[in-house]
Amino acid sequence: GPATKLIGTAIALRDLWTETNTITDSIVVAADDDHEWEPFAVATLINHGYKDQQQQNSVWTYYAYSFPKNRRLDIPKLCVAQAGDLLAVPATLLHHLPSWGKELLPNGGSLQSCFFVDDLFFAAYFRHHFELPVYYHPWRFWLYKEIKRRQATETFQQLNPCHGACSPVTIRFRYPDSLAMGKPRETHNANCVNELLALGWWPSSYPLSSSSTDICLKG
């Protein structure tokens, strides 16, 4: 996930750059390990997302959502990108992440609930340090156009368009612990927000480039 894998990656890159005295222009992609992806998924996301210089220095994913969805929570919203739909980020934006990762440790860390919802954890990190929007790939819209195109032909075979999260995934497995689904996830989300607020790590305002209605942007 974004926390458990990206933190280790950030530490490894930091050590490499210190040793070589060189900062590489790399893109790091987080992916859930209980999914199977189409072979073109990573290349399609990166090639589309980072071809425009104005959108290069940001997070890209196939699906993102605004959080919190509950309007009664009077806190600024975040755009949450998911490793379950691939999460790409320039490596140079990870340099603050190791210090955040220390708070996830089970012995003494202040973000115990955030460990279980590390997509939300990373969204808070990204907004805290960078006034940048999160972009999602127009894969879902491409898929709908392809369905309409095939419907106009005699060889059309029924396709099931995805709802909500939509990525070039062939198989989505689910771990049996149910820690990240349904009510347990909602509880972890609520507790994680409180933990981040206590540390002063929840954003105090919307990004300068976004508003409450366009916190996640289609690229």
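Q: How many bridges join strand 3 to strand 6, and do they run parallel or antiparallel?

A: Happy to start there. This is a predicted model, in which local features need pLDDT of at least 70, side-chain atom pairs count only at pLDDT 80 or more, and totals for chains, interfaces and linings use all residues. Residues are numbered from 1 along each chain as its sequence is written, and side-chain values use heavy atoms, with hydrogens and water left out. Helices (H or I, at least four residues) and strands (E, at least two) are DSSP runs numbered from the N terminus, and two strands pair if DSSP finds at least two bridges between them. Here strand 3 (residues 59–61) and strand 6 run antiparallel, joined by 2 bridges. Trp60 stands opposite Ala88 of strand 6.

Q: Which strand pairs with strand 6 over 4 bridges?

A: That is strand 1 (residues 27–30), again in the antiparallel sense. Look for Ile27, whose bridge partner in strand 6 is Pro90.

Q: Are the two faces of strand 6 covered or open?

A: In a regular strand the side chains alternate between the two faces of the sheet. To judge cover, call a residue buried at under 20% relative accessible area, exposed at over 50%, and partly exposed in between (1.4 Å probe, protein chains only). In strand 6 (residues 87–90), both faces are covered: Leu87 and Val89 are buried on one side, Ala88 and Pro90 on the other.

Q: How many disulfides does the distance rule give?

A: A disulfide is a pair of cysteine sulfur atoms within 2.5 Å. By this rule the count is 2. In one of them, the sulfur atoms of Cys79 and Cys216 are 2.1 Å apart. The torsion about their S-S bond is about 120 degrees, so this disulfide is right-handed. Cys79 belongs to strand 5 (residues 78–81) and Cys216 to strand 9 (residues 216–218), so the pair ties together parts 137 residues apart in sequence. Cys79 counts as buried, at 6% relative accessibility, and so does Cys216, at 15%.

Q: Where do Cys114 and Cys192 lie in the chain?

A: Cys114 and Cys192 form a disulfide with sulfur atoms 2.0 Å apart. Cys114 is in the loop between helix 3 (97–101) and helix 4 (118–129), while Cys192 is in helix 6 (residues 182–199), 78 residues apart. Their link is right-handed too, with 100 degrees about the S-S bond, and both cysteines, Cys114 and Cys192, are buried.
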